[in-house]
Amino acid sequence: MSSYRDFLKEQLKDPELKAEYDALEPEFAIIQAMINARKTAGLTQKQLAERTGIAQADISRLENGNANPSLKTLQRLAKGMGMRMQIQFIPTVQ
């Protein structure tokens with residue numbers, strides 16, 4: 001296995017592991033969206049903390065997946081980045 005992606009692909013052949021991994025996808029998507037938005041805004045975690053009043057350590061925990069943000073927190077982060085938050089419900093493919 002030459003890379004993490006190859007390793008992951010191999011591991012996801014296990015149906016139980018794949019089900020758990022898929023269940024976490026929405027959480028990973030929110031985390032990645034937060035990181036991408038902050039970088040697009042050209043902000044460091046420290047700068048975002050100063051703009052929002054949310055501790056930099058808390059922003060770090062959110063971006064590392066070690067905390068579950070409320071909608072209110074996500075809205076504060078979006079506002080601090082000069083953005084607005086949008087949530088969508090997308091039909092699953094059956």
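Helix H4 (residues 45-52) packs against helix H6 (residues 71-80) at an angle of about 105°, with axes 9 Å apart. Helices here are DSSP runs (H or I, at least four residues), numbered from the N terminus. Axes are lines fitted to C-alpha atoms over the stretch in contact, and angles run from 0 to 180 degrees between N-to-C directions. H4 is therefore roughly perpendicular to H6, a label that covers 65 to 115 degrees. Leu48, Arg51 and Thr52 of H4 meet Arg76, Leu77 and Gly80 of H6; contact means heavy atoms within 4.5 Å. By class, these residues divide into 2 nonpolar, 2 polar and 2 charged. Ala, Val, Leu, Ile, Met, Phe, Trp, Tyr, Cys and Pro count as nonpolar, Asp, Glu, Lys and Arg as charged, and the others, Gly among them, as polar.

The model is predicted: local features need pLDDT of at least 70, side-chain atom pairs count only at pLDDT 80 or more, and totals for chains, interfaces and linings use all residues. Residues are numbered from 1 along each chain as its sequence is written, and side-chain values use heavy atoms, with hydrogens and water left out.

Now turn to H2 and H3. Helix H2 (residues 15-23) and helix H3 (residues 25-40) pack at about 40°, their axes 4 Å apart. The two are therefore oblique, the class for angles that are not roughly parallel (under 35 degrees), roughly antiparallel (over 145) or roughly perpendicular. Tyr21, Asp22 and Ala23 of H2 touch Glu25, Pro26 and Phe28 of H3. That contact has 4 nonpolar, no polar and 2 charged residues.

Asp22 lies in H2. Its relative accessibility is 38%, so Asp22 counts as partly exposed, between buried (under 20% relative accessible area) and exposed (over 50%), with a 1.4 Å probe and protein chains only. The C-alpha atoms of Asp22 and Leu12 are separated by 9.6 Å, and the two residues are 10 residues apart along the chain.
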